[in-house]
There are 4 protein chains.
Amino acid sequence: MRQKYLHKHFLRTRVRTEAICAPLEREDYVPQPLLDVSPPKWHLGHTTWFFETFLLSVYDKHYPAFNPEYAFLFNSYYNHEGERVPRDKRGFLSRPTVPEVFAYRKAITAAVDLLLKQKDLPEQLLDTLEIGIQHEEQHQELLVYDIQYILGSQPTKPAYGTGFSFQALPEPEWIAIPEGRYTVGYQGQGFCFDNEKRAHDVYLLDFEIASEVVRNRDYIEFIEEGGYENFRYWLAEGWDLAKAEHWKAPLYWEKRNGDWYSYQLSGFQKIHPDEPLRHISFFEAQAFASWKGCRLPTEFEWEAAAAQLQKGQVWEWTNSAYLPYPGFSIAPGALGEYNGKFMSNQHVLRGSSIATAAGHSRRSYRNFFPTGSRWLFSGLRLTR
Amino acid sequence: MRQKYLHKHFLRTRVRTEAICAPLEREDYVPQPLLDVSPPKWHLGHTTWFFETFLLSVYDKHYPAFNPEYAFLFNSYYNHEGERVPRDKRGFLSRPTVPEVFAYRKAITAAVDLLLKQKDLPEQLLDTLEIGIQHEEQHQELLVYDIQYILGSQPTKPAYGTGFSFQALPEPEWIAIPEGRYTVGYQGQGFCFDNEKRAHDVYLLDFEIASEVVRNRDYIEFIEEGGYENFRYWLAEGWDLAKAEHWKAPLYWEKRNGDWYSYQLSGFQKIHPDEPLRHISFFEAQAFASWKGCRLPTEFEWEAAAAQLQKGQVWEWTNSAYLPYPGFSIAPGALGEYNGKFMSNQHVLRGSSIATAAGHSRRSYRNFFPTGSRWLFSGLRLTR
Amino acid sequence: MRQKYLHKHFLRTRVRTEAICAPLEREDYVPQPLLDVSPPKWHLGHTTWFFETFLLSVYDKHYPAFNPEYAFLFNSYYNHEGERVPRDKRGFLSRPTVPEVFAYRKAITAAVDLLLKQKDLPEQLLDTLEIGIQHEEQHQELLVYDIQYILGSQPTKPAYGTGFSFQALPEPEWIAIPEGRYTVGYQGQGFCFDNEKRAHDVYLLDFEIASEVVRNRDYIEFIEEGGYENFRYWLAEGWDLAKAEHWKAPLYWEKRNGDWYSYQLSGFQKIHPDEPLRHISFFEAQAFASWKGCRLPTEFEWEAAAAQLQKGQVWEWTNSAYLPYPGFSIAPGALGEYNGKFMSNQHVLRGSSIATAAGHSRRSYRNFFPTGSRWLFSGLRLTR
Amino acid sequence: MRQKYLHKHFLRTRVRTEAICAPLEREDYVPQPLLDVSPPKWHLGHTTWFFETFLLSVYDKHYPAFNPEYAFLFNSYYNHEGERVPRDKRGFLSRPTVPEVFAYRKAITAAVDLLLKQKDLPEQLLDTLEIGIQHEEQHQELLVYDIQYILGSQPTKPAYGTGFSFQALPEPEWIAIPEGRYTVGYQGQGFCFDNEKRAHDVYLLDFEIASEVVRNRDYIEFIEEGGYENFRYWLAEGWDLAKAEHWKAPLYWEKRNGDWYSYQLSGFQKIHPDEPLRHISFFEAQAFASWKGCRLPTEFEWEAAAAQLQKGQVWEWTNSAYLPYPGFSIAPGALGEYNGKFMSNQHVLRGSSIATAAGHSRRSYRNFFPTGSRWLFSGLRLTR
């Protein structure tokens, strides 16, 4: 039954990735206008390489590599798996072409499909399959961000389409959480990432947390009242970065004739004041909260309150660094490189976004990004 | 008659540009793997924009811009013509797509064609047309270099094709040129660039110049004898640059199992020892000459000897800086920006290459590049 | 009585700072060979400016600035206190001269001394005085590191002297700490920094922690067994940094004829295998621990075990990010900038070093540095 | 007689170098606030090392190095002479101290003095001595520029003194130079640098050249009329550099309350309108000339007109690249590195400045700097 479920999930995931790319022109698959951004072509190849390398090559002794050069082209950071194209040069790759990458996808999807039709596959294979699916779902979300950045870098600012849209939010209410001991981390039976374990207890003081994330209208107030010009709301590192990068508003925002516009997947548009704020760094989230006389929640406060929160449109910056839970250890082998090696100088985001695959996130899910990242659907929720 | 000739020349030039691009995949039109390199898409649009901006818009009062955004996208350096995409971001442009750029080309070619069917066009229009053709021929040559660099940046190193190939050279002979006064610069009646004028006299000491340019076999000897490790052959700036960029051989060269290979338009191949050396910077040319106990010619020595030289496969670095001739002045208006504003910190190359359009170069032609450039078909000829 | 104690402490602190500088040549006070390093001259002026700005100017209405330009010269990061010399330009300042800076110190020390002879000074003044003393003690430690770096940057590698020396360590033993709830943070009545409060409970799993910090001999083994060449021990960010900076050993280490030497304050010397390892980044600490099959303690584990640990020669990297304790909030005014604004992308170090002023550190003390810092007396203690 | 003259010249030169440094504080000898600037300490040591290395060590077989480490510390670019402190790290050297460097100077001066008291020294020794003197005179001029830059980098902008002051200039007149053949290059019997030879003929068109260099008042007009905002006067490379470096006026200039001030060796002062313009790059010189409807002279035009020009306060940018004269070849050995290896991407300046040692320059003297250099006494003379 697990096999059957994962088989379906696998096929559905492969289809969704391609659906996300459907509105693109062939040229849109190529550029890398920001170091953080990968060309869509690369995402398509990399997620495929993952199944080929960790599943087909491992569990099918006779599996011949689709193209031996792809290992070099589509490895991301897996030092275990050898050399790779440097990250800052992914946008130089015109080859393989988009049709060639799609052919690669198709072949690997078919090979995995065939494999999954066999009976009584070992649990270990299914474990790898599940990680591969989860991995591809993570790249789906990056694909959405990267596509927005690529299209938003065009002087003509073409629209992507209407597939990803935000809903207006009501005024938030304060939810009180009492002091006490709370269990955090994954406690279920299903899939979770290694970084969500092991579940453990934390002791929290009482606090209040907003029922809704911050809206554009609130942040506009912060900007108009000089939030970007007043160091006292900012962490020192954030202040220096904001000055160096000339931040005056969230990424994609522009003021024209007194009104705020932004580039969104639906095109360059007036900002809707009641939609959730997004495209801010941790530093901007922190500065905004500080200006409000509030603060960001820790990831454990967030998790303790999660059941009572309205969420799901943007990832929410927390004031927790991305660090191992008690008892965490890096698994041996290449898949052990998956999460643990990124545990320095990043902050945890909790929740999920409109770009998150259905069912991908959960209460204990720990997303993480460097504190200056802005090209994702990142917002914040106030705590006090 | 001039009009008829230029009309034909125009159409032939437009066709040749597209023929150069014919072997490309659609993705190959997009990347910019080196600041000096422009995406082929950009060359196609820019040469077209030139005719639209300086010809159609000027001589046809009713001409409507094909797409007003293209002025921003396809301007190169013409400050007169307003803002433009920063040079280092050309590779971020996925839009307009390749088919859209070709549609733009087609429309402008047709509009110019129509215009040129009118009778008795003013000479000034024909002057601009001629510059536009020459301009596109210059970009054809850059296109060849840029395509080689883009394809050569692919880990798979795909071949472009057999369109541009080099011929083996015989041993050079020394040609003696007597001391005396020589006239240099353009003295004919046809087209020349402003930088070739005015013709003037120079006084040269006697010298000897090689009948042929340097071959790969000569340069291999320089490498094998430690030319890249011995500062005494190098200019100080060249030595520092070679160290900083880890130069050990010309661009595209690689030693495998004791043999020298290079990426060429025909693919990754063994180097033919008798073909002309190419893909070297001015600094490497100078160091090689110095190692040989010779030197590079000045551009005037080259010109004085030109009639007696075998040439035409590679551009030849001279030891002349690119500076104005006596009496040179920058013409008013945007086309005046054409040549004069680049007259600092570049060196003159003389001759022509296998990528040069037929009839484009001439004895007085002054090509110029920064002293560290290597991605062109650049070689050298010894003088003593 | 508090006043009397602080008065003495103040005078003792001022003297110790100058004693640390006593072995320097006048030129040694000037350079800034690393962004993290400040010229000794600057430390002398800055710690003085602190007392002038926050004590004399505030509590003596008639106090005239010693030199109005010094506010600009000797402000570090206090945005509240206006403009300042950019951090990366401190080494360009030849003026004021060293004697001028000492004259400034002398004048301010005398003025504070005079002020402290008054009776019944307000508690708030004494609070500021105490912070000023603590602040100067922190800079004393930086002075020692910066002096080592400056002298170690001289090709002649001159010795500083014998003032700061390390003791050999015995083999460590494992100390077991049982699972349970522990109170961390400052609980005493005396001085502590705002970042040590408020005291709160944490729940810890059982763990073992080494009684001693790691010695040079242990780390040499790590190096000799290829620790710097094997990615699997490293965090991804650490691995990239180590490659980019060509780290092959701790800062100051050099292998000559098969033996390890390092620049120490006592000169360029053979490394003593039993002295505590120092001059490593967080990333090297983490990689070493991982190679050992162990890990770094969290700051709370360290604090829970502190009473049982041998310590005091080097600061010890923990795997805790420098973040606020529950209930922390930034105090209003310039002194509120003291600690809170640095709470991003740094890691906590616990303990103290041979350069720490007597009585400066304590069990709850939280030192913090960016994860790549190596020029301090930083080592590690294993946990498992 | 030559020996006697050079002996005197040597001693006079050594004294003048030290006199230039006399107004400095000991700390002023240390910093390097710009890559082009060397710490005064370094100049003092380097000019001394030159005599020690090329004279004493060569002509006195028993000469023991004063300090073997100084070869590493005070070599500039002489690859022949081995390794050296990287140029960008000269400001990190606090050791040897200033008194130690003066002791080194004193010892070498005395040793050379003693050597020169011997009779019948070989001509070759005297040749080297002469180059050493000329070399130190060149460094004297750099010392003046570097001292100005170091003191001008202090927030307190201390005055150096009144030793170097400029005279007001009258209105220039146009001097007509007829077309014809002119001999350029050094033709005398005394000392000249290798780059001034060999003398050769050039053919010049007729031109007019200003009797005086450009004054501050003329350049203020250029600034006020938007010269820094109008690309059409600028070379492309100059325009890009001016934008990147935010040039709005010559180096050291600042507008306060509607008046132009600048930092000069005599302190921060109002600009005297009739003094010669200085502290401009080649690009600014070229842009100013272009705005005036004029141009810069070539170095040969300058030389042909030299006898009729008022000059001597500032070096004058020419539009000639620094390249070898016909027949030039690099001498073997370390001293051959002296001039020839810098012959790329620099422009020639002619004349001399108020900082030039008496008798150092001459009509055929070729000074040279990169086209963006501004910290020297550099101005321009109009030609048309």
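This is a predicted model: local features need pLDDT of at least 70, side-chain atom pairs count only at pLDDT 80 or more; totals for chains, interfaces and linings use all residues.
I'll start inside chain C.

Which residues of α4(C) are buried? They are Val98(C), Val101(C), Tyr104(C), Arg105(C), Ile108(C), Thr109(C), Val112(C), Asp113(C), Leu115(C) and Leu116(C). They cover an arc of only 160° around the axis, so they sit on the same side of α4(C). Turn to the other side of α4(C), and you find Lys106(C) and Leu114(C) exposed.

A quick check on the helix itself. Helix α4 of chain C has 19 residues, 98-116. At 1.5 Å a residue, the span should be 27 Å. The end C-alpha atoms are 27 Å apart, which agrees.

Now the pairs. Take chain A and chain B. Chain B can be laid on chain A by a turn of 180° and a shift of 0.1 Å along the axis, with an RMSD of 0.1 Å. The two copies are thus related as by a two-fold rotation axis. Which residue of chain B comes closest to that axis? Glu27(B) does, with its C-alpha at 2.9 Å.

The contact takes 26 residues from chain B and 26 residues from chain A. Chain B and chain A bury about 2300 Å² between them, and 57% of that is on carbon and sulfur atoms. On the chain B side, Glu27(B), Phe92(B) and Arg95(B) lose the most area to chain A. Together they make up 31% of what that side buries. Do the copies meet through the same surface or through different ones? Through the same surface, because 100% of the interface residues of chain B are also interface residues in chain A.

Charges next. There are 6 salt bridges between chain B and chain A. One pairs Asp28(A) with Arg95(B), the closest N and O atoms being 2.6 Å apart. Arg95(B) is also among the three residues of chain B that lose the most area here.

On to chains C and D. A rotation of 180° with 0.1 Å of shift along its axis superposes chain D on chain C, with an RMSD of 0.1 Å. Glu27(D) comes closest to the axis of the residues of chain D, at 3.0 Å for its C-alpha. The same surface serves both copies, since 100% of the contact residues of chain D recur in chain C.

This contact takes 26 residues from chain D and 26 residues from chain C. The area buried between chain D and chain C is about 2300 Å², and carbon and sulfur atoms give 58% of it. Glu27(D), Phe92(D) and Arg95(D) supply 30% of the area that chain D buries against chain C, more than any other three residues.

How many salt bridges are there between chain D and chain C? The count is 6. In one of them, Arg95(D) meets Asp28(C), with the closest N and O atoms 2.6 Å apart. Another salt bridge links Arg26(D) and Glu25(C), at 3.4 Å between the closest N and O atoms. Arg26(D) lies in the loop between α1 (2-21) and α2 (40-59) of chain D, and Glu25(C) in the loop between α1 and α2 of chain C, so the pair joins two chains. Arg26(D) is partly exposed, at 23% relative accessibility. Glu25(C) is partly exposed as well, at 32%.

What about across the pairs? Chain B and chain C do not touch, and their nearest C-alpha atoms are 15 Å apart. Chain A and chain D do not touch either, with nearest C-alpha atoms 15 Å apart.

Last, charges within single chains. In chain B, Arg2(B) and Asp127(B) meet in a salt bridge, 2.8 Å from N to O. This pair links distant parts of the chain: Arg2(B) is in helix α1, Asp127(B) is in helix α5, and they are 125 residues apart. In chain A, Glu171(A), Arg215(A), Arg217(A), Asp218(A) and Asp274(A) are linked in a network of salt bridges.

Then there is Arg14(A), in helix α1 of chain A. Buried or exposed? Buried, with a relative accessible area of 2%. Leaving aside neighbours within four places in sequence, its contacts include Phe51(A), Arg105(A) and Glu136(A).

Over all chains, the count comes to 116 salt bridges.

Terms used. Residues are numbered from 1 along each chain as its sequence is written. Chains are lettered from A and ligands numbered from 1 in the order in which they are written. Side-chain values use heavy atoms; hydrogens and water are left out. Helices (H or I, at least four residues) and strands (E, at least two) are DSSP runs, numbered from the N terminus. The expected span of a helix is 1.5 Å times one less than its number of residues. Buried means under 20% relative accessible area, exposed over 50%, partly exposed in between (1.4 Å probe, protein chains only). The arc is that of the directions from the helix axis to the C-beta atoms. Copies are superposed by least squares on the C-alpha atoms of residues with pLDDT of at least 70 in both. Contact means heavy atoms within 4.5 Å. Buried area is the accessible area (1.4 Å probe) that two parts lose on being put together, summed over both. A salt bridge is a side-chain nitrogen of Lys or Arg within 4 Å of a carboxyl oxygen of Asp or Glu.
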